[in-house]
Amino acid sequence: MDLDVLTVASTRAAVAEKQTTATALVDAFYAKIEAEDPAIGAYLTLSKERAYRQATKIDQLADTGDELPPLAGVPVAIKDVFTTKDIRTTAASKTLDNFNAPYDATVVSRLEEAGAIILGKTNCDEFAMGSSNENSGFYPVHNPRDLTRVPGGSSGGSAAVVAAGTAVASIGSDTGGSIRQPAAFCGVVGLMPTYGRCSRYGLIAFASSLDHPGPFGKTVKDTALMLQAMAGRDPLDSTTADVPVPNYCEHVGEEIAGMKIGVPLEYFEDGLDPDVRAGVEFGIQELANAGAEIVPLSLPHTTYAIPTYYVIATAEASSNLARYDGVRYGLRSSEGKTLSEMYRRTRDAGFGAEVKRRIMLGTYVLSAGYYDAYYLKAQRVRSLLARDFDDAFAKVDVIVTPTTPTPAFKLGEKADDPLAMYLADIFTVTADLVGIPGISIPCCKSKEGLPIGMQILGKHFDEATVLRVAHVAEHALAARAE
Amino acid sequence: MVSDKDVSYVADLAHLELTDEERTRMLKDLNSILGYIDRLNELDTSNVEPMEQVASRYGEREEEAGGFGYAMREDQPRPCLPRDEAMKNAPATDGTFFKVPKVIER
């Protein structure tokens with residue numbers, strides 16, 4: 001069985017039709033991980049015992065001949081910011097090197113209830129803070145399409161395992177682009193659902209008003225199947241909304257004739273890589289060929305999204321990361337003689353440079369005298385960004401843009417310039433701030449053969465339309481490539 | 001402009017100590033990032049409501065009015081994590097409580 005071409009649906013079908021067993025699949029995936037992952041570095045922890053236990057359960061179910069659950073036997077990987085009961089959960093931080101979570105994140109337990117098999121936990125930027133995966137407290141991830149390049153971040157490991165075929169699908173979290181940007185860099189599909197669509201219970205908090213769990217897959221349909229299992233109200237997360245979850249796969253495959261697709265001019269200005277521009281313009285033309293009406297529009301506050309994001313995200317992070325004090329769990333430095341000294345030594349030893357930078361920035365913008373000037377100001381601009389999208393979505397059904405301004409860059413290229421690194425998220429952060437869903441799909445390649453991502457943004461809770469448009473583009477582009 | 005003094009003050013608030021090298025770097029980085037953030041002042045936001053949460057803009061309306069009904073759950077007692085499980089990751093305990101270095105000097 002060729003693991004590289006397995007999709008969510010084909011994996012389940014292979015198990016259901018007894019072409020293979022879930023246990024044999026898990027064997028094959030672990031063999032592939034052991035052979036190929038050392039060069040990539042996408043996994044931090046393998047959860048073999050739990051994977052084989054679930055595989056046995058699925059195989060027994062398959063033997064009964066009963067209808068299998070929707071993700072039965074599908075090997076998936078979990079970004080290491082989601083807690084997994086009794087499996088090491090690190091957020092790629094030395095602070096949590098030996099942390100074994102006492103409970104499962106809701107999205108993790110929902111995937112398992114739907115039959116998915118959890119192969120392991122994927123590498124990421126420490127506490128999901130970064131755009132290249134070079135901020136992992138353990139080791140960087142290499143892009144499987146070109147090992148000298150970054151996979152993007154922060155969910156770089158989860159994008160890389162799908163690109164490398166060392167998992168069929170995976171999940172990540174998106175706070176400023178952390179699903180869509182690595183999906184673009186690694187040439188896979190990454191979906192950020194609406195804020196409140198998927199539960200954050202058990203997602204280690206970075207910026208609570210911006211953190212979105214979501215899936216990666218090889219195809220748009222795979223992300224639809226994953227989302228179906230993950231989505232919906234969770235009593236354990238009061239920010240999940242009580243909005244009915246449609247059957248997403250029913251919308252994947254529907255036509256888009258007559259649909260209005262907005263193209264914001266601010267996303268195609270000077271500075272956009274020419275190959276990315278050409279690729280995404282080609283993708284937009286395919287949507288026009290499929291009968292959609294292309295509507296040029298303006299999102300006038302786009303340029304203010306990154307500064308807004310770095311105030312709000314760091315302010316929330318500084319508060320969320322106050323809990324790592326060496327008392328209840330995680331690393332404790334043995335050096336401190338007093339409680340206060342112990343806190344400081346512990347935090348100095350546990351956190352990496354980028355995490356410290358963001359804690360400092362966030363503490364600064366919240367500190368006395370600066371709250372109004374920075375934090376409140378950014379929240380007001382967040383409203384202006386939301387207003388841009390409200391106005392746009394009064395006219396169009398979805399908005400299409402490049403996912404990133406350039407294809408994947410080299411490891412080390414931006415590591416010393418935090419501001420340059422932050423600008424890698426320039427096209428993705430706004431959707432996080434506004435809370436709307438977005439997907440990145442592979443769309444053509446650069447002259448160097450690197451993947452390019454096209455982003456499709458939709459209205460709140462309208463993932464179905466986003467998936468529908470993405471699927472049309474995916475198929476038109478695939479037909480064109482043949 | 002952020003000064004050395006500001007870096008020390010903020011590090012103290014954040015319970016970070018930072019080496020001299022880290023402080024020098026932090027001063028440079030914070031000034032560079034805050035300089036970029038200052039462009040927010042180009043915008044007049046005097047009549048704009050702050051958006052703290054997605055729900056604060058989109059969710060608090062009644063569902064019929066186009067809101068998303070971020071429902072509250074019933075406030076009912078449920079079993080919580082058993083003590084031994086909650087404490088199994090602690091760096092130091094006496095079995096009942098978390099142990100920390102002395103808080104009050106005698």
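**Note on the predicted complex of chains A and B**

1. In this predicted model, strand β9 of chain A pairs with strand β11 (residues 451-458) of chain A in the antiparallel sense, over 5 bridges. Within this pairing, Ile399(A) stands opposite Leu457(A) of β11(A).

2. β9(A) has another partner in strand β7 (residues 260-264) of chain A; these two run in the parallel sense and are joined over 2 bridges. Here Gly262(A) is the residue that stands opposite Ile399(A).

3. Chain A as a whole contains 16 helices and 11 strands. Its C-alpha atoms fill a box of roughly 65 × 55 × 45 Å along the principal axes. The radius of gyration is 21 Å, which agrees with the value near 23 Å that a compact globule of 482 residues would have.

4. Of the 482 residues of chain A, 63% count as buried. Taking contacts in chain A between residues at least 6 apart in sequence, 77% link residues that are at least 24 apart.

5. The largest nonpolar core holds 158 residues, and Val76(A) and Ile117(A) have the most contacts inside it. Helix α10 (residues 305-320) of chain A supplies the largest share of this core, with 9 residues. As a general point, nonpolar side chains in soluble globular proteins tend to be buried together.

6. Leaving aside residues up to four places away in sequence, Val76(A) touches Leu111(A), Ala116(A), Ile117(A), Ile118(A) and Leu119(A), and also Ala167(A), Val168(A), Ala169(A) and Ser170(A).

7. Between the chains, 47 residues of chain B are in contact with 57 residues of chain A. On the chain B side, the elements giving two or more residues are α1 (4-13), α2 (20-37), α3 (54-58) and α4 (83-87). α2(B) gives the most, with 7 residues. By class, this side of chain B has 31 nonpolar, 7 polar and 9 charged residues.

8. On confidence, the predictor assigns the complex an ipTM of 0.92 and a pTM of 0.97. For chain B the mean pLDDT is 87, and 85% of its residues reach 70 or more.

How values were computed
Residues are numbered from 1 along each chain as its sequence is written. Chains are lettered from A and ligands numbered from 1 in the order in which they are written. This is a predicted model: local features need pLDDT of at least 70, side-chain atom pairs count only at pLDDT 80 or more; totals for chains, interfaces and linings use all residues. pLDDT is the predictor's confidence in each residue, from 0 to 100. A nonpolar core is a set of buried Ala, Val, Leu, Ile, Met, Phe, Trp, Tyr and Cys residues joined through C-beta atoms within 7 Å. A residue is buried if 20 or more other C-beta atoms lie within 10 Å of its own, exposed if 12 or fewer, and partly exposed in between; C-beta atoms are placed from the backbone. Helices (H or I, at least four residues) and strands (E, at least two) are DSSP runs, numbered from the N terminus. Two residues are in contact if their C-beta atoms, placed from the backbone, lie within 7 Å. Ala, Val, Leu, Ile, Met, Phe, Trp, Tyr, Cys and Pro count as nonpolar, Asp, Glu, Lys and Arg as charged, and the others, Gly among them, as polar. The radius of gyration is taken over C-alpha atoms; the globule rule is 2.2 Å times the number of residues to the power 0.38. Two strands pair if DSSP finds at least two bridges between them.
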